[in-house]
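Please look over the sequence and structure before reading on.

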Amino acid sequence: MPSKQFVFMVLEEHPYGREMLMQLMEAEHYPMAIIEEASDIAEEEKGKFLERIMGHRVAPTFTELLEGKDIPRYKVPHHNKKTCRLLLQELNPDLGVLGGTRIIRDRILRIPQDGMLNSHPGLLPEVRGSASPAWSVYYDIQIGSTCHFIDPGIDTGDIVGKREISIHKGDTYEKMCWLTLVEAGALMTEAVSSWRNGELERTPQGESDHPTFRVPSDEIMKIVYQKLRDHTYKHYVD
């Protein structure tokens with residue numbers, strides 16, 4: 001068993017986490033345990049994300065991925081509550097890896113001695129918060145993904161990996177969401193490899209020109225879809 005161990009935290013059967021765990025396991029990075037939040041929020045977020053990547057490959061379920069693997073799988077009602085906190089303290093992981101969760105509070109973040117890593121489906125610090133591909137199109141920001149440490153802010157922790165994604169005329173919003181999902185898993189896999197080798201480098205974030213984004217309104221999404229239909233998004237590679 002590797003000397004450095006990580007725990008994987010995720011909303012129950014979230015497609016974002018399924019993709020990330022699949023990539024991690026393909027690279028032989030197996031978590032010491034999986035802590036899933038089973039809640040109404042988890043079910044709602046899973047449905048929203050499946051809609052965002054509609055028409056594209058979805059990774060196998062956790063049940064399928066873990067078949068034949070001796071990896072404990074725990075269910076908690078809320079990642080920020082006492083049940084999860086006590087479980088994390090008992091497991092005592094070196095690192096936490098987030099595969100799609102609610103905002104994690106400081107009392108939970110402090111438990112793994114090496115911190116917690118998250119992969120964000122947008123470039124940081126340019127696009128913090130929710131629905132990064134949509135806001136990237138709306139404000140003509142390059143599409144991409146970022147892997148970063150978590151701190152008490154929202155998407156403000158030190159960056160460990162960041163990559164732009166090529167977007168072509170004709171690519172749909174759903175494809176953009178799927179591409180950022182896949183890239184986020186790749187960046188996390190690279191980060192865990194570097195962490196285990198003692199080579200993980202951290203770069204503090206600068207300031208963003210935009211506020212932390214919330215879920216876009218229907219009016220915003222109409223503009224996003226219109227720009228993609230008209231090919232007026234400014235970062236096509238064509």
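Buried means under 20% relative accessible area, exposed over 50%, and partly exposed in between, with a 1.4 Å probe and protein chains only. The model is predicted, so that local features need pLDDT of at least 70 and side-chain atom pairs count only at pLDDT 80 or more, while totals for chains, interfaces and linings use all residues. Residues are numbered from 1 along each chain as its sequence is written, and side-chain values use heavy atoms, leaving out hydrogens and water.

Q: Is Glu126, which pairs with Lys162 in a salt bridge, buried, exposed or partly exposed?
A: A salt bridge places a side-chain nitrogen of Lys or Arg within 4 Å of a carboxyl oxygen of Asp or Glu, and Lys162 and Glu126 meet at 3.2 Å, N to O. Lys162 has a relative accessible area of 39% and is partly exposed. With a relative accessible area of 28%, Glu126 is partly exposed.

Q: How many residues apart in sequence are the parts tied together by Asp158 and Arg202?
A: The closest N and O atoms of this salt bridge are 3.1 Å apart. Asp158 lies in the loop between strand S6 (144–149) and S7, and Arg202 in the loop between H7 and H8, so the parts tied together are separated in sequence by 44 residues.

Q: Is Glu13, the salt-bridge partner of Arg73, buried or exposed?
A: The closest N and O atoms of Arg73 and Glu13 are 3.1 Å apart. Arg73 is partly exposed at 29% relative accessibility. Because its relative accessible area is 12%, Glu13 counts as buried.

Conventions
Helices (H or I, at least four residues) and strands (E, at least two) are DSSP runs, numbered from the N terminus.
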